[in-house]
Amino acid sequence: LLDCLLEVLRTEDLQKNNEALLYCMGAVKFMSGNAALLNEMVNKGAVEILLQLLKQINNIKENDTYFSSLGHLLVQLTAALRSLAGVARARHQLLRGAAASELCVALEQRVGDEDVCTYIVRIFSKLSSYNDFCAALADCSRCYILFLALLNKHQKQQDLVIRILFILGNLTAKNNQAREQFFKEKESVNTLISLFQTYHELDLNAQKWHHEREGEGKKHPKHPSETEDVLIKLIRVLANLSIHPSVGAALAAAHRVVELLVTVLEYKSFDDCEELVINAATTVNNLSYYRVKSSAVQDKKLHIAEMLLKLLMSNNMDGVVEAVRVFGNLSQYHEICDFIIQKKIYKFMIALLDSKNQDVCFSACGVLLNLTVDKNKRALLMEEGGIGKLVDCLQDFGPADWQLACLICKTLWNYSENISSVASCFGEDTDTLLVLLKSLLAEELVLDYSLDGDLRDDHKLHWEREFRPVAEKLLDRIQSHHSSL
């Protein structure tokens, strides 16, 4: 029977036998809902037949008599393709058959047909998780304007909005060109802001309702609500876009974007929705990297620092890491350095050096480096055993991460600028530091043959350009004062 149905779809005239094709396609759609039949359908060439039929439908233009009636056929066809997209071999055939561009054509022609749009978006949502298809979709330059049109038209339809944002998140995750193309589309950021505003208000109302009922023994649901899920995926798009230098700089200056992100940090806790809080903190971190004149992050830096303090004091390590990263960027400003001293945050940064986590140590060390730019704040490193912990970090991570090793040496260089004697400066850590610097400056250490060629070259480059110059200066300074011991 499947052979017969597929043969009808392959050979019958689209316009003469529209109704017969519709029923056959409906049958195939229902059969595609049976997991046991999917592989058989792929083996019998269903993907190629459906793509060929899709191309024929796309050739019928809007002013044609058959255009609207073919919408029903297209719903069944895209629903079947959505089921087939779950089979690995079918995905390869969809890629080879230029399915991304054909589905974009169908989406553009049927933007008013909610059912067709939903199925096509579901196909893209499934397939954009795979790098090869994601790249093919990113190459369809019209896709960005289509997704924006759908977001504007169906703003309140959460299942459609969630999937489109998920697709945009996948497209912008690794592709700098996709980030730029999406950003340059007319009203792209305003569309995201409008969505953010809409779902933020819905979430505030839901949270208010939930808190009012808490007295009745209602616990906050463990998984994100649908509204929170929209915000999570929307903020992920903003985080990805902000990686692109010019886009990130523009978003850092977009006051409404920054306001909404900060508001999320204000009213959401980890208990409410961990993923949403971390996504908001990550995006603020990305935007805080850009030191542009009209930066909204810079304008709100003290308020952001207050919000980050809440994350730092949480038991959530991912949240702590994101907060420390933002402080790493913001501590380039005097006001934030003063805030860090006032709130004793520097003690927390020194304590984090014990975490044995490379990323955490890197971010914490970045904050300490910025603090030591001010000579009045350098003595703080002597508290909480800060010098010893920096030396331990250098010992633990130096050979594996020359950028971190460079940060540590720069911090120690700033700290020891007005050195009178190494004993008063580095105390009991002096000898360990001397031996360590000498060994890390030995070139044979850099040529780690367990690494592949490219990685080894990269490793050596960071050692030569970043670590060695500052480490040599630090070693010379310590040796020249060593007699003072």
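Modeller: Buried means under 20% relative accessible area. The model discussed here is predicted.

Biologist: Why is Glu322 called buried?

Modeller: Glu322 has a relative accessible area of 8%. The cut-off is under 20%, so Glu322 counts as buried. Its place is in helix α20, residues 317–330.

Biologist: What makes the pair of Glu322 and Thr282 side chains a polar contact?

Modeller: The two side chains lie 3.4 Å apart, and the limit for a pair of N or O atoms is within 3.5 Å. The pair therefore qualifies as a polar contact. Leaving out residues up to four places away in sequence, Glu322 touches Thr282 along with Ile278, Ala281 and Asn285.

Biologist: Why is the crossing of α8 and α11 called left-handed?

Modeller: A left-handed crossing has the near helix turned anticlockwise from the far one by less than a right angle. The axes of α8 (residues 114–127) and α11 (residues 158–174) cross at roughly 35° and come within 9 Å. The crossing is assigned as left-handed. On the α8 side the contact involves Cys117, Thr118, Val121, Arg122, Phe124 and Ser125, and on the α11 side Leu160, Arg163, Ile164, Phe166, Ile167 and Asn170.

Biologist: What classes of residue make the contact of α8 with α11?

Modeller: Seven are nonpolar, three polar and two charged. Arg counts as charged, and Arg122 of α8 and Arg163 of α11 are both in the contact.

Biologist: Which residues have the most contacts inside the largest nonpolar core?

Modeller: Phe327 and Phe426 do, in a core of 175 residues. Phe426 touches, among others, Ile387, Leu412, Tyr415 and Leu474, with residues up to four places away in sequence not counted.

Conventions: Residues numbered from 1 in each chain as written. Predicted model: local features only at pLDDT ≥ 70, side-chain atom pairs only at ≥ 80, totals over all residues. Heavy atoms only, no water. Axes fitted to C-alpha atoms, helices over the stretch in contact; angles between N-to-C directions. Helix = DSSP H or I, 4+ residues; strand = E, 2+ residues; numbered from the N terminus. Contact = heavy atoms within 4.5 Å. Core = buried A, V, L, I, M, F, W, Y, C linked by side-chain atoms within 4.5 Å. Buried < 20%, exposed > 50% of the residue type's maximum accessible area, 1.4 Å probe, protein only. Polar contact = N/O pair within 3.5 Å; in protein donor to acceptor, adjacent residues only side chain to side chain.
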